[in-house]
Structures are given as C-alpha cells and as structure tokens.
Amino acid sequence: MNELEENGYIVPPLLYPSATISSNSSWGRSVVVEASCIVSAGAAIGRGALLSGASVIETKDKTGRFVHSGSSATVTKDAAVADYTRVPSGRSSERNKHRTERKKAAGLNSKLFEHNAEALEAAASMLAETGA
C-alpha cells in the first residue's frame, strides 16, 4: 500500500455493497470491508484493516491498523483491537479480554497483506483503465 501511495495513487476503502456501514463510523485508508459485514455507529476502523464476510464491529469499537477480522467474527461494544491483530473466524473480541491473537505483519499475517495487496492492485488497475 505504501508503494502505491508513494507513486501518487489514492487507495480508497473497498466496501462491498451488501455491507451495512453506519454513517457515524470512521475508517482509515485502504480498508477492505467484505460482504454482509456490519460496522456500527461510533466504530473506528484502522488503516489497512480487512473485515472478512459477515464480521460485526459494534458501537464505539476501535480496531487498529492492519487488523484482520475473520468471517463471522464479532468485536463487541467498546472493545479495542490492537494493531496487526487477527480476530479468528467465528470468535469474539470482548472488552478487557484477550481473545485475539497478535500477529506481526512480517509473520503469520502475510495472507492478510497479500489479500489487501491484490484488492488494491485491482482497484488501481480499474482507476488506470478509467483514466481517473
């Protein structure tokens, strides 16, 4: 992502049409929100985060940079998820509980970055084709 941005590309958030996203939520650059996700009011999604299908980010949650929320994972109300953390599929990340697995970007979380890179390359290609 940094390389794209350094070369003048604007990397927009990629939001699937069936995702439900509150207008009172916020997100950083390069976020990918897949099908059937729910992002509630007051939620803040960090840069480069990937919310896999049917993830739920509840009210006032804060997800860090490059967080991966697995399919059908839930981040419960008022929770904070640290940078480079993976919330496994079907699991819950609750306030003051440590049910998330911290992964370093260079390590086991590489699949997340490959997925984001592929999505961003596709977006950049579409922008180049349209002349935007």
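Helices and strands are DSSP runs, numbered from the N terminus: a helix is H or I over at least four residues, and a strand is E over at least two.

Before going on, the ground rules. This is a predicted model, so to speak of local features we need pLDDT of at least 70, side-chain atom pairs count only at pLDDT 80 or more, and totals for chains, interfaces and linings use all residues. Residues are numbered from 1 along each chain as its sequence is written, and side-chain values use heavy atoms, with hydrogens and water left out.

Back to L14. Its relative accessible area is 24%, which makes L14 partly exposed; buried means under 20%, exposed over 50%, and partly exposed in between, with a 1.4 Å probe and protein chains only. L14 and L50 are 36 residues apart in sequence, and C-alpha to C-alpha they are 9.6 Å apart in space.

Now the sheet. Strands of a sheet pair through backbone hydrogen bonds, either parallel or antiparallel. Two strands count as paired if DSSP finds at least two bridges between them. Here, 4 strands in the order β3-β6-β9-β12 form an open sheet with parallel pairing. Which strands are at the edge? They are β3 (26-27) and β12, each of which pairs on one side only. Further in, β6 (residues 44-45) runs parallel to β9 and is joined to β9 by 2 bridges. I45 stands opposite T63 in β9.

Next, side chains. A salt bridge is a side-chain nitrogen of Lys or Arg within 4 Å of a carboxyl oxygen of Asp or Glu. How many salt bridges does a search of the whole structure find? It finds 1. The partners are D83 and R65, at 3.2 Å, N to O. D83 lies in the loop between β12 and β13 and R65 in the loop between β9 and β10, so the pair ties together parts 18 residues apart in sequence. Both are partly exposed, D83 at 27% relative accessibility and R65 at 37%.

Last, the aromatic rings. Rings of Phe, Tyr and Trp (its six-membered ring) pair if their centres lie within 6.5 Å; planes under 30 degrees apart are stacked, over 60 edge-to-face, and the rest tilted. That rule gives 1 aromatic pair. F66 and Y84 are stacked, 5.6 Å centre to centre, with 10 degrees between the planes. F66 is buried, at 8% relative accessible area, whereas Y84 is partly exposed, at 22%.
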